[in-house]
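Subject: Structure for you to look at

Hello,

Here is the structure I said I would pass on. Please open it and keep it in view while you read the notes below.

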There are 2 protein chains.
Amino acid sequence: MGNCINHPDRETNYICMKHNIFLCEECLECRDPDIYCKFRPSCPIYFITKKGFESSENETEKKEYTVIFEPGKKKVTVSAGTNLLKASQKADIYVNASCNGKGSCGKCRLIIQSGKVDSKKTSLLSDKEKEKGYVLACQSKILEDIIVKIPEETIEKKLKAAGMGEQATKKLSGLVEKIEPIVEKIPLQLDLPTLEDTVSDLDRLTRALKKLGYDISKMSTNIRVMRQLTASVRNDHFKVVASVLWKKCSSEIVDVSPAAHDEKKSLGMAVDLGTTSIVVYIVNMADGAVLSAASGHNRQAACGDDVINRIICSEKDGVGKLKKMAVSTINNLTKRALDSIEEDHKQVENIVISGNTIMTHLLLGIEAKYIRREPYIPTVSQFPIMKAGEIGLKAAPYAGVFVMPGPAGYVGGDIVSGVLYTGFHQLEEFTLFIDIGTNGEIVLGNNEFLMTAACSAGPAFEGGGIRWGMRAEDGAIEKIILAPDSFEPAYSTVENKPARGICGSGMIDLLSEMLLKQLIGQDGKFIMEPDHPRFTRFNDEPAFIIEFGKNIDSEEDIIFTQSDIKSLILSKAAVYAGFSILLEQVGMDFSSVHQMIITGGFGQYLDVEKAITIGLLPDIEREKFKYMGNSSIAGAYMALLSNTFRSRAVAISNTMTYLDFSSNNGFMEEFTKAQFLPHTDANLFPNIHKTKTRKESVSC
Amino acid sequence: MGNCINHPDRETNYICMKHNIFLCEECLECRDPDIYCKFRPSCPIYFITKKGFESSENETEKKEYTVIFEPGKKKVTVSAGTNLLKASQKADIYVNASCNGKGSCGKCRLIIQSGKVDSKKTSLLSDKEKEKGYVLACQSKILEDIIVKIPEETIEKKLKAAGMGEQATKKLSGLVEKIEPIVEKIPLQLDLPTLEDTVSDLDRLTRALKKLGYDISKMSTNIRVMRQLTASVRNDHFKVVASVLWKKCSSEIVDVSPAAHDEKKSLGMAVDLGTTSIVVYIVNMADGAVLSAASGHNRQAACGDDVINRIICSEKDGVGKLKKMAVSTINNLTKRALDSIEEDHKQVENIVISGNTIMTHLLLGIEAKYIRREPYIPTVSQFPIMKAGEIGLKAAPYAGVFVMPGPAGYVGGDIVSGVLYTGFHQLEEFTLFIDIGTNGEIVLGNNEFLMTAACSAGPAFEGGGIRWGMRAEDGAIEKIILAPDSFEPAYSTVENKPARGICGSGMIDLLSEMLLKQLIGQDGKFIMEPDHPRFTRFNDEPAFIIEFGKNIDSEEDIIFTQSDIKSLILSKAAVYAGFSILLEQVGMDFSSVHQMIITGGFGQYLDVEKAITIGLLPDIEREKFKYMGNSSIAGAYMALLSNTFRSRAVAISNTMTYLDFSSNNGFMEEFTKAQFLPHTDANLFPNIHKTKTRKESVSC
């Protein structure tokens, strides 16, 4: 064993016998010239066992095993003892791993069909499941050639990712009088060279730009353009299209193409870089029309559901791994979106990326490790305009990339996008804004101030730490009502697929229903009759049976346990405490709030009445609530269209004051008070109390 | 046979059997990932013969031959039929090839010691030489394994490259009050992060810069810096050194290093990128002291002596080949200069390159092909500030590179450097400036105008096309006098090494002496007695024997032929005609010239009196002549020290008006008149005439 020459903090079993250096598995695989070139041309790599040195390619010694994943028969070869979750990542198979391999979320369930693995004990699998071959991938080491089945609930499903909606698109595309792309395409007819006019090609180009009124004193170019210039200008009789990248205080000619080659559309791309899901919009830069869209899971999910686990993973495996995962997700989505309209990625010349601070850092390969350590400092808040080629995004290499600025480590560009889109920073009245996604970020403010905070809601709303919790994927129970007397559930699932689990909105529905139907008390504790057919116990805890033995693979009951309720209450309490503290800071209460805007992927399925019932949202006039869809993608789209919006985003980020709850003494108190249904102070929920009484009287 | 997939204009014998594509020899060899990665991992390459497909690695078929070069025993394997000059290039052996392999210069003389080559007939080798095994490398194809001797006259010799001289260095280093590097290093103490001050690392950095008075609104950064920032700021308690690259209208933070790592000198590099030789100065950016220097042949010489041949070569083999040759020459010299002072290339953060327009284009990989075609348009005149990493120069990858601007295709940055250094553009009086190097560029002007032109002097002054002509390398006859009656020559050579040939200054001496001693007439024709022991005939032409059978390898006589004289007269006539036309354009004559500045590698060995005698220089007061050394490197050095000088260089380039002689009707007339010794109009050379008469009377 030794330490990788590229990553001195990693121990590795591989040694290059030619150069006598250790290399970790990532370095063996990667072809990144920065890392790999030192060892090219490829040279014999040996695998070290306790017995001594053996070539990793020595098949007769059989220190490598084959893993076949069913269905699909994807095959990978891994060394003995490899973690099954890592093997699935190597095979590029999506396995939900919310807790980043800690063994605590119980999501990475795989079924061993043949062969042996060494699995740690876990209470997250029932005996019945264990009998059927279920293991947690992250807790299993490969000891032989194995065949693994990916059960229905673990397979990557289409995520019901939120878009702006058609209406919003229409509204937004009329927002600007003139589209100002990041990379402007300028058709030019250069003067033909003569013996009387012998200035260089580049001078000829800038002269033409000057004639059109451009300030060439602030314009530069680069070596790539100079190399292509000679041929480009002569290809179509000195008729060209110059692409100019506008930066903060200067501009750069980034491409010059013959006019004759320039018949294709110039495209833009807006990206919502979510922790869970990524959404890509392809936009025609000529008129702002959204031509196509695609969304999918952020591949980084293999390193954990929440941003903290992602950072931990980046510290362990290097930020490059997370960067690669995010870039490949975006590139796959870009390809899908472009293929559907038969356009080429080289036409994408403008990109805006909106994501939380940790996601943008990891996408760009920037360390995010100090964001999770007091005093929570991000490396960058305002990103310079970059080029797609520098990041590795599938687009014209010179495409200008604007990354939404983020004011703090836990309030990022996605929230700035949200403010930009909803526009409440221009109103005199006060708005309370919340984006409930994987994280919960809150903004309170008006045209005079913007105060922001992030509440560690935990992963419960996204299904994390909940026995049958899941994201809003196909088969997730998203709405549920209990019959007044029998408590028989009636539910609907995403895409009406057979129930596989329950997502955030379903859990809020269920909690509210159980409270109203008095199956639980205001403290969340079960008060249901133990002999009720829907009552059961799981790991010595009371639980409510939502559906009997319906799970496709395991035929287990889908249940909602006492622990699940506890997790959900902690999450909702954190959000409500966040609202309270933010208002308290500026000497306000909920009555001064003119509107409450809910955005984010989770918010779209939320039943506001039920969320108030459990005390997640405040008990204010219902007409004050507005759901505004995926405001992160909407803000990114706006910034794509106009420099006014890009500047406005920077101004919004600069205006925001971040309040850190972890150093706020009042927060813990409010948090404790909110761990009750709806709240220890019933006066805060006057309308709910009434509703409840009424319902109680009905059921009595 | 097929065409290379990377270079469709090249036919090739190599095919990749795995990918079924053709690859030219360059592509087989190069490891440039842009070109080569398509075919990685390395795959079987086959060599096609008429018989069919055979593996190039198949030794038994013997389609490849070994070439061993003596002395040194450098060995290369080449395919059958390979040109011997190309084989020497592959072996990285310097072989003079002034005419770029046309077979016309006769410089690439090699001796075949064993094995067979197929050589074309040539009159450039005597029968005696042919008997000894001499061949012209460019005219010979390899048919067997061979051993080749590189004769003394062909071996790379130390070039007597001109520097600024110690005096000039001292004078120049005191020129500026404050050194303004291209990349400024700014030590900063950032505020330590606290819960009350949670701005990002980058904002913390820019805040510190703002405190020092920097205009951060015009400052940006890049992804590389953002990636290193997290660790850099924390390595030494938020004490860092920021490197800021100053551009035309903005600046970029290009590096941030922990203060503790920054104990080494910041270095600068001035480069004179000559067609023949390249000179590198290493400068301490703290005080402007020149710490070391190195000079050597431009490796591009393998593609011809003059700029036209270089362009032709770039059109044939791709500009990348020429780029690589120039970059590797500079990098080798940089290494040599840095090694001598035990400093590291990563400390080089500032680079200024001064070269003619074609040299700078080729160095940067920019096409120069239209410079040789009417109306002679360069691609770029004013280069943006680039980074060393973009060009491939051995330096800090973020080192700022300023390339001296050049006003025209045939008057480039080296001439702008010359004006900057000599400073005559600030004088009221008129100056005539000439840089006699591989090209001859002239500037006429004062503080009101600068008119410039290039005269196609041809390669004679550099030894091209002259039987025993050579550059000012070791063993070149640089000064020569003939005894009054016997005409016995007395000469001195460069470094006092045994005579191997004659360089430009030697030829001017000799021509002047032969004219004064009446061995030739004013038309340059031999009038020497045919029975004189120093008289001989070569290829049916009269010739003067400078030295009997002294050449080390061939034991041939070193002679000066009628053709040599003709070539030299054409060259000097072109220069003189250039002066005349330039003056005529502005309605002046030589009498209005206040000073005549001669610079350039060739100029330093020039005997002004003798140059006037043959009519190369005008017959004006001798005290008006000033030799100012290598003004290209001196100008580059000045630009390295200060932004004032860099701006001044741009201003000089913009002020220059280029006069194209090829489209000037008067030029041919003046050129014809000047093809006489010293000139058809004897009145132009009143003082020479007198001298001559006096000498004639002595010899009579």
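Across the interface of chain A and chain B, the rule finds zero salt bridges. This is a predicted model. Twelve residue pairs, both at pLDDT 80 or more, are in polar contact between chain A and chain B.

The size of an interface is often given as the accessible area lost when the parts come together. Here chain A and chain B bury about 4000 Å² between them, and 64% of that is on carbon and sulfur atoms. L195(A), M226(A) and R227(A) supply 15% of the area that chain A buries against chain B, more than any other three residues. The contact takes 50 residues from chain A and 50 residues from chain B.

Which elements give two or more residues to the side of chain A that touches chain B? They are helix 6 (201–211), strand 15 (219–221), helix 7 (223–235) and helix 11 (388–391) of chain A. Helix 7 of chain A gives the largest share, six residues. By class, this side of chain A has 22 nonpolar, 14 polar and 14 charged residues.

Strand 15 runs parallel to strand 17 (residues 251–258) of chain A, joined by three bridges.

Regards

Key:
Residues numbered from 1 in each chain as written. Chains lettered and ligands numbered in written order. Predicted model: local features only at pLDDT ≥ 70, side-chain atom pairs only at ≥ 80, totals over all residues. Heavy atoms only, no water. Contact = heavy atoms within 4.5 Å. Buried area = accessible area lost by both parts, 1.4 Å probe. Salt bridge = Lys/Arg side-chain N within 4 Å of Asp/Glu carboxyl O. Polar contact = N/O pair within 3.5 Å; in protein donor to acceptor, adjacent residues only side chain to side chain. Helix = DSSP H or I, 4+ residues; strand = E, 2+ residues; numbered from the N terminus. Nonpolar A, V, L, I, M, F, W, Y, C, P; charged D, E, K, R; others polar. Pairing = 2+ DSSP bridges.
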